Amino acid sequence: MKYLHLIWAALFRRKTRTILTLVSITAAFLLFGLLDAVRVSFEQAGQSVNGAERLQTQSRLSFIQTLPSALESRIAAVDGVKDVAYANWFGGAYQDPHNQIFTFAVSPNYLDVYPEVEVDPAQRKAWDATQNGILAGEALIKKYGWKIGDKIPLQSQIFPNKEGSKNWNFDLLGVMKSKDGKAFQSQMIILHWKNFDETTPYNRGQVGWYISRVKDVNDADRVAKAIDALSANSDHETKTMTEQAVMANWIKQSVNISLIVTSIMGAVFFTLLLLTGNTMMQAVRERTSELAVLKTIGFSNTSVLGMVLAESVLLLLLGGIIGLALVSVLSPAISQGSGGVLNLPRVGGTTWVLGVALALAIGLVIGGLPALRAMRLNIVDALAGR
Amino acid sequence: MSTLVEIRNVSKVYERGKQKVEVLHHVDLNIAQGDFLALMGPSGSGKTTLLNLIGGLDSPTQGQISVGGARIDNLNQGALAKWRASNVGFIFQFYNLLPMLSAQKNVELPLLLTKLGAAQRRKNAAIALQLVGLADRAGHKPTELSGGQQQRVAIARAIVSDPTLLVCDEPTGDLDRQSAEDVLGLLQTLNRQHGKTIVMVTHDPKAAEYASHTLHLDKGALVEQAAHV
């Protein structure tokens, strides 16, 4: 500890360089913390539903498998269920196949289970009364410059209409706004179930998924199990999860999150290793005569080795801790900003331990070579500038 | 006066690539306790090498060196480092202060190797700075001090752990005449009033006059001895 001021002073001998290095380390650990939070979020998704007001029930086999519409009344009868709505994927592309819009065909009470979605009462009334009507999210309307009353052509990826064409035309009758900024409906379109079910010949009596509201959020786990028990050992077994878990499962079925996270982190830390290692080598090379003076005064080889190693570990720990602390601050904001798609957990003990261990390990690796050089420094040669 | 440094038949050979260069040839020398010795000679004569051997920074290829009755020529690097910490103070031509530390912290450096607590270290460093006339500059960084002041801080660092021997390599080589005289006067005071044994390498005959006597080296051998009043 009595060498700490010496190590600190050496570390900030060239303030600009050290701060820039620190920023790059902080950025690496910020990325590590966020990506780890994403990984944990995906791993935890579906493990428990307690605390969730809404549950989503879909086929256990795959999210593209449909469920019988007869399940609606049975789910509604489950003790603890407040109300049930249902929906199906429509998959609409606007003008260009690349402009994919989340478009769902929904039951008449769909908006009732999403009280955070706000629709002007007059628009809602008009939509309720018009079978070919749609409601679009505020963000979408802004993005495409739509106006109420516009005809919106959408191309379904899957479902043809009565004429056998996948090109559908709808009347835009209202705007869905998010009261708390979190509702993902501000990015999507909903159309009437009746219109969808009666128009397409492909979907008679089938539902994509059910959305249930529970009476007591602390009872959600039991309710989810009870809903799944309804279809146990049938040809349409279900999996009931929170909406975040559904989203996570959907992404997990598309990509290997762990592999992506590990690959990105591997690349980031390898770059960090080279960058910081080079900085440390340069920093120690510049201090050759100072290290020689310390040895002249009587500092042992191992003391000099330890001080250079401590300097590099301290740099990594500082950057790592600042980076992870920033994750703690940013995670809630990112969760909120994702509109419910991402539910990043707080930086947990495991992440902190892993982060600090990584900082220590990288610090030791990058400090190793310069520390050895410092230890082996020949005083006479170093003082003579050789 | 008793002998502090005893050098017997010391030779030093450096290997530069495939070449072997003998820098010192069979040198014999006694330095008395409390002496102020100036080592002079042309460049490459071996004076800095001899100084490094006396200060325990290097080991001879052949011969024996004893300081205060203890052999140092056969010590390993770790033991030599410990020995230097408690027995020798070093003063260099270019001061070699740590630029990121204040004068006070630079002076405290040798005390980090002792068992003294932080408060005592601060106190001892303050006394050393007072002795060299820089008590009011304790908080200044080396870049905020003149060359003469930096060298006085270096002297304070050299004496703070109260070593018996001070080795100085061209201590005035980078100073103007007035600063050089101040530094030499300070060394003389340390020698005469505080009993420090000083070995100083210099090119400057005027600097050598501050020593009690001068030894000349040429091609690795002692050639002449001159005494000063």
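Q: What makes strand β3 (residues 81-89) of chain A and strand β12 (residues 209-214) of chain A a pair?
A: Six bridges join β3(A) to β12(A). Two strands pair if DSSP finds at least two bridges between them, so six bridges meet the rule. The two strands run antiparallel. A:Tyr86 has A:Tyr210 of β12(A) as its bridge partner.
This is a predicted model, in which local features need pLDDT of at least 70, side-chain atom pairs count only at pLDDT 80 or more, and totals for chains, interfaces and linings use all residues. Residues are numbered from 1 along each chain as its sequence is written, while chains are lettered from A and ligands numbered from 1 in the order in which they are written.

Q: How do you know that β3(A) also pairs with strand β5 (residues 100-106) of chain A?
A: Count the bridges. There are three, in the antiparallel sense. A:Trp89 stands opposite A:Phe104 in β5(A).

Q: Why is α10 (288-297) of chain A called a helix?
A: A helix is a DSSP run of H or I with at least four residues, and a strand is a run of E with at least two. α10(A) has ten residues, so its length passes the helix cut-off.

Q: Why is α10(A) called mostly covered?
A: Seven of its ten residues are buried. Buried means that 20 or more other C-beta atoms, placed from the backbone, lie within 10 Å of the residue's own; 12 or fewer means exposed, and in between is partly exposed. Among the buried residues are A:Leu291, A:Val293 and A:Ile297. They pack against α11 (301-337), α12 and α13 of chain A, together with α2 (77-87) and β6 (88-91) of chain B.

Q: What makes two residues of chain A and chain B count as in contact?
A: Their C-beta atoms, placed from the backbone, must lie within 7 Å. By that rule, 18 residues of chain A touch 19 residues of chain B. α10(A) gives the largest share of chain A's side, six residues.

Q: Why are helix α9 (residues 257-286) of chain A and helix α12 (residues 349-375) of chain A called roughly parallel?
A: Their axes cross at roughly 25° and come within 9 Å. Angles under 35 degrees count as roughly parallel, over 145 as roughly antiparallel, 65 to 115 as roughly perpendicular and the rest as oblique. The pair is therefore roughly parallel. The contact includes A:Phe269 and A:Leu272 of α9(A), and A:Ile362 and A:Val365 of α12(A).

Notes: Axes are lines fitted to C-alpha atoms, for helices over the stretch in contact, and angles run from 0 to 180 degrees between N-to-C directions.
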